[in-house]
Amino acid sequence: MTTGPTIRDDREKGRLEAFEDGAYAGVVVYFALDAPPHALVAVHTVVESAYEGKGIAGELARAFYRIAAAEGVPVVPLCPYVARWAERHPDEAPPPPAEAVRVAERQLRERTDLW
């Protein structure tokens with residue numbers, strides 16, 4: 001039986017990283033809305049070419065939603081991959097409140113250093 005990738009959350013750097021057998025395999029770049037409305041905002045997903053097609057991006061998206069759920073905050077999927085994953089997995093990826101989406105989009109436009 002194979003196991004999935006090891007997922008590590010580096011909140012300070014806004015990186016949810018995946019590793020396969022210790023090797024870096026991919027990342028969801030994100031930021032947190034620290035003021036109300038609180039949320040985790042997925043901005044970009046990248047999987048290294050050697051790991052494409054192995055479900056790494058999906059595992060990252062799933063882990064990202066689990067982290068948000070554990071923290072009691074929604075995910076705002078501004079990353080196209082995470083948004084598509086959420087559409088395919090509505091049981092695991094509840095839609096975010098409209099206000100959180102507006103605030104996240106504004107913050108991303110105003111602060112390009114977020115990713």
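How many helices and strands are there in the protein? There are three helices and five strands, taken as DSSP runs numbered from the N terminus (helices are H or I with at least four residues, strands are E with at least two).

A few notes before the views. This is a predicted model, in which local features need pLDDT of at least 70 and side-chain atom pairs count only at pLDDT 80 or more, while totals for chains, interfaces and linings use all residues. Residues are numbered from 1 along each chain as its sequence is written, and side-chain values use heavy atoms, with hydrogens and water left out.

View 1. Along the principal axes, the C-alpha atoms fill a box of roughly 40 × 30 × 20 Å. Of the 115 residues, 43% are buried (under 20% relative accessible area; exposed is over 50% and partly exposed lies in between, with a 1.4 Å probe and protein chains only).

**View 2. Helix H1 covers residues 56-71.** At 1.5 Å a residue, its 16 residues should span 22 Å, and the end C-alpha atoms are 23 Å apart, which agrees; the expected span is 1.5 Å times one less than the number of residues. Gly-72 follows H1 and has a positive phi, near 75°.

**View 3. The buried side of the story for H1 includes Ile-56, Leu-60, Phe-64 and Ile-67.** Arg-62 and Tyr-65 are also among the buried residues of this helix. The packing partners of H1's buried residues are strands S1 (6-10), S2 (15-20), S3 (23-33), S4 (39-47) and S5 (75-77), together with helix H2 (80-88).

**View 4. Ala-104 sits in helix H3 (residues 98-110).** Ala-104 counts as buried because its relative accessibility is 0%. Leaving aside neighbours within four places in sequence, Ala-104 is in contact with Phe-31, Leu-33, Val-41, Val-76 and Leu-78, where contact means heavy atoms within 4.5 Å. Val-43 is 61 residues from Ala-104 along the chain, and their C-alpha atoms are separated by 9.8 Å. Across the protein, among contacts between residues at least 6 apart in sequence, 48% join residues at least 24 apart.
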